[in-house]
Amino acid sequence: MTQLRKIMGLGTHFIVICLVLSLVSCAQFDAPKRLSIKGQPGDYFVKQIKEQHLSSQQEIVAMLQHPHYQSKKTKSYLVKEVQDTAMLLNTISQSQDVSQAVTRLSATQPNKTEKWVSLALQLYPIDAYQVVDQLYASATIQESTLESAALSAGLEPSRIFPPTASSDLEYRIVPLIHSASLTVYNQYEESTTRLWFKPSDSDRWLPALSLQWEPIMGALSGSIVRLQADTAYDIKLEYLDNAEITEEHLYSFKTRPNSPPIDPEKTYYLSDIYTGGQLNLTTLGIEGSEDGWALIIGDGTEVIAGEDDSSAINIGSQSYIMFENITVKGGRRFAISANEAHHIWIRGCDISGYGRTGEDMRNGVAYENSESTSPINYDSGIYLAKTGVVTVEDCAIHSPNGKANNWASGHPNGPNAMLVWAYHPTEQYRGQYIIRNNRFYGNPDHRFNDVIEGLRNFRRDGSFGRDSAIYNNYLAYANDDLIELDGGQSNVLFYDNELTQGYVGVSTAPNMLGPSYIFNNYIHDLGDDRGKDWTAIKMGGLFARPAGITNLFENFIVVNNNGVARSGVEGDSTFWLNAQNNIIISKIRGGRGIYDKEFYEGSVFKNNLIFNTTYGASYVDATIDDDFYHPWSEQSDKIDEIIDAGSSFKLDIEDRFIIPNFSKVLPSESSPELSSSFAKTEIKGLINFNEIEISAFDNQDRNGQYRIEDSGDTLVLAGNAWKSIDFPYTINMNTVIQLDVNTNGVGEIIGLGIENDNKLTSSRLFKFAGTQAWSQDTFKYNQANTFKTITLPIGQYMAGEINRLVFVLDEDKTGSKPAEVQFKNVSVYDTINEYNRGLLQASTSILDFSEGVITSFSNQDVDNNYEITDAGTSLSLFGNTWKSVAINKTISPRTILEFEIKTNGAGEIAGIAFENDNTLTNSRLYKLSGSQQWSNDLFQYSNIGEFETVRLPIGMLSLGEINRLVFIMDDDKPSEIQAQATFSNVRFYELDSSPAPQDASASSINIGILNNH
C-alpha cells in the first residue's frame, strides 16, 4: 500500500489516498479497502493479484470487473476483453516478464497471438515499444502480427519497424546556438551514467546533468545548456557500476553561430523586390543554400497584405532564407506562412493586423460570418507548417484583428502569435526551433487563444517535436495557454522567459517524447479576461499518450491558483515530473503548489519552496519524499520579500541541490536560515462540485433543489435538500473540515454529515443553524445572509474511514419563505503529522510519575485513588480521581503533547487539563472519553480496554505558560463498574526548527530570470 501526503502548515501527515472497493461476484477476490494506482496498469494489476493471492482466472476477472477499476482507467479492454486480460495478467504474474507471458500464451493459443500482444501493449503503455522490440528480437511471433497488434494498440508505425532498440543510429547530437542535446540509443533503463562537457580548447571537464531514460526510443537522452555560440565542445559519457567507471565515450560538436552565412549575391532590400500585396518567395524564386542564405532586409517599406491574401509573406517551401527588420501587416489568416520549408530565420520583425474579424458571434464565440461552420481559430502571426530548423528572434507580434473567447464559452478559439508544427517530411530538418528575445503580447481586452500554439498536440510529431530552445521571451495575454509544448518534447528547452496574463502558463499535456526542460522562468499574475487562471504548468496524459519526462528547475512562480496541476488528456491526468529548486507561491484558497491526482511513482520533487498566502503555509497534493520542501516553505516572513523581488530571487540552497549545468550559482554565502526538515500540514483540497456526482441522501431528500455556482466552488441547496458526494478519506484526530456557510435564516437543520453509507447517523451530523434541536450543534452559524467560515475539527469527534460528505438543508415544514443555504470553499486538511516521527524532536523525556509529586487537584479529587506502574511511565486513576503533576512548560506554537490512554468505558470524563493554578478552567480541560458532554470534546477514545495514542497539537491552543498537568477520571455518579483510566508514556514534542550546522555546505542560486523584457 502506497502512502501519499498532502501538506500544509505546521505539521506533516501521511495519508493514503484510496479507492474504496467492495467484493464483486462470488469469486475469492478480497478487494482491499484502500488502493492507490500509481504505476502502469499492468504493474498495478499484477501487484494486486500477488497481494490478494489470486490464482484463478475467475478471481482475476472479478477484480477487473469491479467498476472502480474500469471507471478509474476508462480502458475499454477491461470491459470488452476481460477474460483474455485476466488470463494474460495471470500469466505475467507467474512468469515475471511481459514478453515471456505473451510468447507462452501465443504458443498455447496461437489464434489469439495478435490479441495477446495488443493487450500487453495497452497494459504497459510506457514500455510498449520495448515489449515490441523484445518480441521482435525473439523471432517467435511473425512481424506482420506484431505490426498489426501494435497498430491496434495505438502505437505509431514509424516507431515500430525497424524496432527502436535495434536502431542503426548509435547516438545523435543536435547543437543549437546556446545548447546541445545528446541521445544515445540501444540503452537500458537500469544504466547508470555520468556526463561531462568542456570547450574543446580547455582541459577542465565540467559536470552536466545526467542523461535520462527515454522509454519510447529505448535511449538515454539529455541536454547541455548555457553554452557559447559558434564554439567547439567535447562531451564525455561515463558508464558506472557500483561507482566504478566501466565504459567511457567521447563525442564532439560545435554550437551554431548567432547569424547564418549570407550569400552576398542573394541579399535583397525589400523596396527592390516588393510592390504591394503578398510577398511570395516562390513566385520571386528567392531561396538560399546551406553555405549561403538569402537575406531580405527591411528598408522602411512595409509588407501590407491585400484583402484576399491568405498571408502577407508566403515562404512556401523555399529554404535557407533570412528576414531582417521588416514590418508585416495583414494577411487574411497569417502574417507569415511556410509549408515544408527549412532553415528559416526571422529577425527584428514587427508583425500585426493579421487574421479574421468575427462578424457573427454565437454564444460568445466568433465566426467569420453567418455562413461559417467553424469558429475563427489558428489565425497566426507566424504559421510554419511541417517546417523545421527555424530561428525567430527580436520580433514583436501583437494586435491581431480577432480575439479569443474564454473558457466560459467553451474551449477558447481565436488567433495566436505563432503556430508551430515542426514535423518536416525529412527527418534531419525536424524540430530545431530557436525562439528568443521576442515580445508576443495581446492586451487585457484583446487576447490570443494561445500565444505560442502547437499543432497536433496529441502526436509525437506535434508542436516543436524535438531539439528546440525557447528563451528570453515575453509572452502575455491569452485566454488559454501562453505556450503549448504539447506533443513531442524531446530535448525541448523553455527557459528565461516571462509569462503573464494567461489562463495557463506552460502546457505540456501530453509530453509524448522526453526529456523536456522548463527552467528559470518568471510566471506571474496569470488570468484570462475574466481574471480566472488554472495553473502555471499544465501536465497530463502519461498513459493515454505516453511517455516523456518533464524537468522543472528553478522557476519563479507567483500566481493566484496552482503552480503545477494536472489536466485530462483523453481522461488521463497522470504526469511524469522531475521538479527541483522551484519557488511556487499561490494566493487563493485551493491554490496548490503541486496538484497531482495520480501520484505517478516516477515523479521526483526536491527542495521546492511552496507557499499559499491565504493559508499562510504550503499546500500541495503530491507524493512527498525526503527533501520535498525547501526550508523557507515554513518561513512566512520570507514570502513578502520573495513576492516583492521582481523577476528573480536569490534562493539559498544546500550544495547537494545544485543542478549541474542548470543552476545559476551565485557567490556562496553562509545562511543560518537554511534549516533542516520542517513539518507541514496536509490538505485534501477545495471541493469542486462540478467535478463530482451529487446524489440524494437516504430518504431525507424530498423535493429539494440544488445548483452549482462560482465555477464549482459553491453548492446551493433550496427546499428540503440532503445532497451527498463521494469523498473517500481517512480521518485522524487532526483532521479539519473548513467551509463557508451562508443561509437566508430559514430551515430546521443546516449542517454537514460525515458518513460511510447512505443512512443517517445522528452523531455524524453537525448542525450549524436551524430551528430544530440537535446534539451536535457546537459550531454555530448565527447571522443570516452573511458568509461565515466554519472550521470543524472533525478528528476530535471521529476517526477512521469515511466515504461521503452530506450537505444538509432540512425543511420538513415549508413556510412562506423557502429555505436556502450556500456551502462554499469546502476543504479538508490535517493539522499535524501523526506518523512521520522523524520530523519531531523530543523536548522532554517520558514523564516519570514516580519522580514527581502527585497531588490532588482543586476540590475535584474525591476518591484519591491512583497507582503508578511500568517503572513510573504509567498513571492509573480509579473512581472519581483528579491528579495534578507539577511541570513548568512554555507552550510554543510548535508544541505537541503525546501520550497513550486506556479506559474501561465507565465514568463521565476521562481527560487532561493544562493549568496555572489549582482551580479548574473549563476551556483548558480536554475530554477524551466519558458520558458527560463537554465543549472541548477533543478526542473520541473508542477502543475500550486497549491503549490508543493521542497527539494533541496544543501549540495551536495559545496556552502560553503552564505549571501543571491534570490527569482526570471524573465519576460523580459511580455505577457497579468502577471507572478507570490509565495515562502512559506522556511526553512533549517540539516540531524541529533547528538551524543547519554552521559548516553545512550551502550556496545561493538565482530563481527566475535576471532581466525584464
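Residues are numbered from 1 along each chain as its sequence is written, and side-chain values use heavy atoms, with hydrogens and water left out. Because the model is predicted, local features need pLDDT of at least 70 and side-chain atom pairs count only at pLDDT 80 or more, while totals for chains, interfaces and linings use all residues.

Reader: How many salt bridges does a search of the whole structure find?

Author: Side chains of opposite charge can pair when their charged atoms come close. A salt bridge is a side-chain nitrogen of Lys or Arg within 4 Å of a carboxyl oxygen of Asp or Glu. Across the whole structure, the search gives a count of 38.

Reader: Which residue forms a salt bridge with Glu-427?

Author: In this pair the closest N and O atoms are 2.9 Å apart. Glu-427 lies in the loop between strand 26 (416-421) and strand 27 (433-436), and its partner, 255 residues apart, belongs to strand 3 (residues 171-175); strands are DSSP E runs of at least two residues, numbered from the N terminus. The partner is Arg-172.

Reader: Is Arg-172 buried or exposed?

Author: Buried means under 20% relative accessible area, exposed over 50%, and partly exposed in between (1.4 Å probe, protein chains only). Glu-427, at 37%, is partly exposed. Arg-172 has a relative accessible area of 18%, so Arg-172 is buried.

Reader: What is the relative accessible area of Glu-302, which forms a salt bridge with Lys-329?

Author: The closest N and O atoms of Glu-302 and Lys-329 are 3.4 Å apart. This pair links the loop between strand 13 (293-297) and strand 14 (303-304) to strand 17 (residues 327-329). Lys-329 is partly exposed at 32%. Glu-302 is also partly exposed, and its value is 31%.

Reader: Where does Lys-824, the salt-bridge partner of Asp-710, lie?

Author: The side chains of Asp-710 and Lys-824 meet at 3.9 Å, N to O. Asp-710 is in the loop between strand 52 (702-709) and strand 53 (714-731), and Lys-824, 114 residues apart, is in strand 59 (residues 820-830).

Reader: Which strands stand at the edges of the open sheet of eleven strands?

Author: The order is 14-17-20-25-28-31-34-38-41-44-47, with parallel pairing; two strands pair if DSSP finds at least two bridges between them. An edge strand has a single partner strand, so one side is left without a neighbour in the sheet. The edges are strand 14 and strand 47 (609-612).

Reader: Which residue of strand 28 stands opposite His-398?

Author: Strand 25 (residues 396-398) and strand 28 (residues 439-441) pair in the parallel sense over three bridges. Opposite His-398 stands Tyr-441.

Key
Helices (H or I, at least four residues) and strands (E, at least two) are DSSP runs, numbered from the N terminus.
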